[in-house]
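Here are some notes to read alongside the model, written as numbered points.

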Amino acid sequence: MGVDPETTSTSGTTGPGTTLGTTSTSDGTSTTTGEPIPCMPGDGMGMGPVDKSYIWIPSDTLGQISKISTLTLIEEARYRTGPQGGTESSSRTAVSADGRFVVVNARGTGRSTMFAANKADCIDNNGNGVIDTSANLNDILAWGQDECMLWSITHPVGAGIQAGPRGVTWTPGTWSFDECKYVDPKVWLGYRTGPSNQAHIVRIDGVSGIVEETVVVDNWVGSSYAPYGAALDPDFKPWFTGLRGELIRVNTENNPATLTRITAPNNIQAYGMTVDKDGNPWIGGCTGPVSTYDVQTAQWITIPGTNACHRGIGAGDDYVWVASNGPCGLVQIDRQTRTLVAKHTPPQCSTAIGISIDIEKYLWLVDQSGWAWKIDQDAVAWDQKVMVAGGHYVYSDMTGGQLLSVVPQ
């Protein structure tokens, strides 16, 4: 995912991150003032025409991840997420704020792997003068041979697929005015260690893959699974949920980081989760209602009429969208009034599972059985569909849209 900066009418620039300001005269002409305008967050991501945008859909049955253009619906590349094929059980993905990188978590092997979206960020490891990487959905290189895979680490997880890493999100990093971009981004993710009631939440350097901090969560409430979902809030604090369990905020301003642990009412049955632009976590219950935790009032609010098995969830400007099973479909909720708007049924619906919102504000609904829908949030229709090989057990920020929604624009 990425965009071209907005084209402006200026007479020159002073270098990366600064554009000469202009003044308008009464006759409609403009002249440069000579004063640089600082490059601010959003100048490269929230402005101008979209150039690139990807949805990264993992296959838990194949141990692969697909890179699909949200503009053309073409699968531009496919990568192995580990050496063990379907045993990897690739599930959650998270895209960086600038769209340059994606991390995919493999529940089966305890592995986290990072890929670059653009060849400019890939590394010519064999020194042959070209970047050896996948060119299309059928061009899948052997594990370790694709030079757009930048790092892969295996966490000290406990036994069984329940312990493998799931919830994952990025923090953008620090804004560099000179470079006009965020630098030093971090990845936050969770896994479970040996004891079924102990989880680890770790901070990883997004560029190198080095684990920088580990927060141990004793007496973890998450049905013996690793932290299930993760998303970032506008204060750049990661939130995690336990499967039918607790809600946790990571207080990253503290060194070492501390946790705020919030008990959810028994009826909520947390499954998919996200955080909206106002910093409120939203939870899809399975089986239970859709709910939100209002951070200002410290209250849980459930949405009437939404009791089902809810999976992935995403929050747009106006609506919260939830993948539903039983019945299979898409739930639409008014984000401000916190009321049910509609329940939509796709013409083909097996197991609606993943929700993500791309940079153009289009909604994506991924079906576990091998396809995804691209949907206009203002006029739900089922006319854009892309087939994606494999099974897809994914509930996370596949496009980076959740992260962008809380980053200053």
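1. Which hand does the disulfide of Cys122 and Cys148 have? In this predicted model, the torsion about the S-S bond of that pair is about 95 degrees, so the disulfide is right-handed. The sulfur atoms of Cys122 and Cys148 are 2.0 Å apart. Both cysteines sit in the loop between strand 11 (111–116) and strand 12 (149–154), and the pair links parts of the chain that are 26 residues apart. Cys122 is buried at a relative accessible area of 9%, and Cys148 is buried as well, at 3%.

2. The search for such links gives 3 disulfides in the structure. A disulfide is a covalent bond between the sulfur atoms of two cysteines. Another of them joins Cys286 to Cys309, with an S to S distance of 1.8 Å. The link of Cys286 and Cys309 is left-handed, with -85 degrees about the S-S bond. Cys286 belongs to the loop between strand 24 (281–285) and strand 25 (290–294), while Cys309 is in strand 27 (residues 309–315); the two are 23 residues apart. Cys286 counts as buried at 6% relative accessibility, and Cys309 is buried with a relative accessible area of 14%.

3. Cys328 and Cys349 form a disulfide too, with their sulfur atoms 1.9 Å apart. The torsion about the S-S bond is about -75 degrees here, so this disulfide is left-handed. Cys328 is in the loop between strand 28 (319–325) and strand 29 (329–334), and Cys349 is in the loop between strand 30 (339–344) and strand 31 (352–357), so the pair ties together parts 21 residues apart in sequence. Is Cys349 buried or partly exposed? Cys349 is partly exposed, with a relative accessible area of 26%, whereas Cys328 counts as buried at 18%. The cut-off that separates the two is 20% relative accessible area.

4. Now to the rings. A search of the whole structure finds 14 aromatic pairs. One worth a look is Trp56 with Tyr79: their ring centres are 6.2 Å apart and their planes meet at 25 degrees, so the pair is stacked. The cut-off behind that word is an angle under 30 degrees. Trp56 lies in strand 6 (residues 54–59) and Tyr79 in strand 8 (residues 75–80), so the pair ties together parts that are 23 residues apart in sequence. Trp56 is buried at 1% relative accessible area, and Tyr79 is buried at 3%.

5. Strand 7 (residues 64–69) is joined to strand 8 by 5 bridges, and the two run antiparallel. Lys67 has Ala77 in strand 8 as its bridge partner. The hairpin of strand 7 and strand 8 has 5 residues between the strands, and Leu73 in this hairpin takes a positive phi near 65 degrees.

6. How many tyrosines make up the cluster, and which ones? Tyr225, Tyr228, Tyr271, Tyr393 and Tyr395 form one aromatic cluster. Elsewhere, charged ends sit over rings. The charged end of Lys374 is over the ring of Tyr362, at 4.4 Å from its centre. For Lys385, the ring is that of Trp371, and the charged end sits 5.0 Å from its centre.

7. In which order do its 4 strands stand? The order is 13-16-17-18, and the pairing is antiparallel. Strand 13 (168–171) and strand 18 (211–217) are at the edges, each with a single partner strand, so one side of each has no neighbour in the sheet. On average, neighbouring strands of this sheet are turned by 20 degrees against each other, direction ignored.

8. Within that sheet, strand 16 (residues 186–192) and strand 17 (residues 199–205) run antiparallel and are joined by 7 bridges. Which residue of strand 17 is the bridge partner of Gly190? The partner is Ile201.

Methods: Residues numbered from 1 in each chain as written. Predicted model: local features only at pLDDT ≥ 70, side-chain atom pairs only at ≥ 80, totals over all residues. Heavy atoms only, no water. Phe/Tyr/Trp six-rings, centres within 6.5 Å; stacked < 30°, edge-to-face > 60°. Buried < 20%, exposed > 50% of the residue type's maximum accessible area, 1.4 Å probe, protein only. Lys NZ or Arg CZ within 6 Å of the ring centre and 35° of its normal. Pairing = 2+ DSSP bridges. Disulfide = S-S within 2.5 Å. Axes fitted to C-alpha atoms, helices over the stretch in contact; angles between N-to-C directions.
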